[in-house]
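Reader: I would like a close look at one helix pair and the charged contacts around it. Please keep it brisk.

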Amino acid sequence: MKTSSCVAARKVKPLTTPPVFSATLYTIIPYTMTVAMIAVKITSSNFVFPVKNQLKFKKNNVFLCICPAFLLCIPVVSYFTCRFSLNENFFTLPLLILFFVLFQFSVRTTFCQSLSVFVFVCALLSFSANFTNGYDAVRYPQATAFVARLDTNLFHFSVSLLMLVLLAYPLSRYGSFLIDSLTAPNIWYMTVLISGTFLGLNILIVPHKHETLYVNRIFLIFWSLLGIMFAMMMMIYVLFYFIAIGMLESAKIAERNHFLETQEAQYLKQCRYMEETARIRHDFHHTLHTLKMLSEESNYASLNRYLDEYLEALPVNQSVTYCQHNSVNALLNYLIPSAQEAAIDINLNIDLPNQLTVTDIDLCCILGNVLENAIDGCKTLPTGKRSIQLTVTTRLNAWLYIVSTNTFNGNIKRKNDQYQTTKKNGHGIGLTSTQITVEKYNGSAQFSNDTSCFYVDIMIPIA
């Protein structure tokens with residue numbers, strides 16, 4: 001009877017979830033979902049700040065695309081992790097790849113730029129995760145590993161929010177400037193290596209048991225190492241910014257030097273012409289005496305021969321005046337002969353005043369890049385099919401128009417809606433430099449092509 005009563009007692013015992021667990025479950029689930037949405041917003045903001053000018057979609061639309069992906073992944077990953085007793089880091093790499101693909105899809109940057117931003121943000125988040133691990137070890141020294149708790153999640157959220165506040169302005173202003181201006185792949189891959197190194201170090205120092213941090217002075221070393229690494233990473237990127245600015249300034253100086261060399265070449269050519277004409281004018285009275293003597297002798301054959309030789313000896317002024325703008329004249333007199341030597345049929349319509357709100361250097365850099373790109377494109381075709389049509393004019397004294405059309409072989413390289421150079425040793429910065437210079441004056445530059453022609457349409461306000 002005693003045994004059967006015990007069995008009956010066990011049969012009627014309710015198989016329900018313990019009250020404490022139920023309360024915790026119903027408290028944590030909505031909190032986790034809320035924190036997840038906020039974390040998505042923070043994470044997407046960190047990603048968006050450096051590429052704010054390269055987004056294919058609006059910021060809110062990017063958030064609305066990433067948020068459902070996060071909310072879908074969280075329960076799915078949690079289910080499979082618990083169901084099959086998987087390590088919590090089992091899905092880390094696949095999820096990183098997935099969100100990088102989504103990030104790359106949402107921006108116009110090159111692969112190396114997107115990878116640099118992505119790995120940099122992952123490195124930042126690894127610091128916040130390790131700071132949270134340290135906090136968790138202080139609060140729960142006997143725990144074997146990090147477990148998501150309410151206060152720990154709040155601390156993690158606070159650290160991430162603090163990083164967002166501190167880095168929002170520099171990433172938005174200086175980071176976006178580098179993304180828009182610096183296109184050299186090798187430089188961006190170098191930053192991937194830097195961020196990846198700090199990310200790897202953060203992974204290596206993750207404590208698997210909190211007890212190990214309390215051995216000797218390990219805890220102090222852990223916090224000191226975290227602080228030193230974070231400071232080093234920030235200093236390296238500050239140094240990288242100033243080095244990149246120096247490189248961009250050097251590129252601008254090189255363009256200006258090229259422009260000044262063009263002007264100098266034209267100036268020297270004009271000086272030689274003036275010297276030759278001055279010598280001929282000085283000797284002209286001798287010529288008149290000779291002509292008068294031959295005429296009085298009625299020696300017309302010698303007179304005609306003398307005149308032919310004299311005309312052949314006259315210097316030819318090879319400088320052409322295309323418009324009233326002296327700097328543009330110097331640039332065109334430098335580039336047009338190279339187009340003519342390449343047997344390019346060039347048709348020019350240049351109508352510019354002597355003064356514009358656009359500086360001479362910027363205007364010549366734009367025209368120089370456009371015309372050099374057109375000449376290089378024409379050289380990909382056999383002679384007889386090479387042609388350039390260039391129109392540079394102003395409208396209503398309010399707009400500067402630069403329109404160029406050139407033939408080419410139809411072979412182009414485009415990446416993320418940006419044209420890349422097809423020259424073996426080219427850097428592909430000509431059109432990018434043109435775009436940046438035009439946008440400096442709140443103008444617009446559009447580049448397009450079909451199977452046989454390349455088109456450039458530039459509008460710059462000058463009022």
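Author: Start with handedness. A crossing is right-handed if the near helix is turned clockwise from the far one by less than a right angle, and left-handed if anticlockwise. By that rule, the crossing of α5 and α6 is right-handed. This is a predicted model.

Now the two helices themselves. Helix α5 covers residues 111-139, and helix α6 covers residues 150-181. They pack at an angle of about 155°. Their axes lie 10 Å apart. Angles over 145 degrees count as roughly antiparallel. α5 and α6 are therefore roughly antiparallel to each other.

Next, the residues in the contact. From α5 come, among them, Val 117, Phe 120, Leu 124, Phe 127, Phe 131 and Tyr 135. The α6 side includes Phe 155, Val 159, Met 163, Leu 167, Leu 171 and Ile 179. By class, the contact has 13 nonpolar, six polar and three charged residues.

Side chains of opposite charge can pair when their charged atoms come close. Arg 139 and Asp 151 meet in a salt bridge, at 3.0 Å from N to O. Arg 139 lies in α5 and Asp 151 in α6, so the pair ties together parts that are 12 residues apart in sequence. How exposed is each partner? Arg 139 has 47% relative accessibility, so it counts as partly exposed. Asp 151 has 18% relative accessibility and counts as buried, because the limit for buried is under 20%.

The count of salt bridges comes to two. The other pair is Asp 362 with Lys 440, whose closest N and O atoms are 2.9 Å apart. This pair links distant parts of the chain, 78 residues apart. Asp 362 sits in helix α12, residues 360-378. Lys 440 sits in helix α13, residues 430-440. Here Asp 362 counts as buried, at 10% relative accessibility. Lys 440 is exposed, with a relative accessible area of 53%.

Thr 393 belongs to strand β2, residues 387-395. Thr 393 is buried, with a relative accessible area of 11%. Leaving out residues up to four places away in sequence, Thr 393 touches Asp 351, Leu 352, Trp 399, Leu 400 and Tyr 401.

Terms used:
Residues numbered from 1 in each chain as written. Predicted model: local features only at pLDDT ≥ 70, side-chain atom pairs only at ≥ 80, totals over all residues. Heavy atoms only, no water. Axes fitted to C-alpha atoms, helices over the stretch in contact; angles between N-to-C directions. Helix = DSSP H or I, 4+ residues; strand = E, 2+ residues; numbered from the N terminus. Parallel < 35°, antiparallel > 145°, perpendicular 65-115°, else oblique. Contact = heavy atoms within 4.5 Å. Nonpolar A, V, L, I, M, F, W, Y, C, P; charged D, E, K, R; others polar. Salt bridge = Lys/Arg side-chain N within 4 Å of Asp/Glu carboxyl O. Buried < 20%, exposed > 50% of the residue type's maximum accessible area, 1.4 Å probe, protein only.
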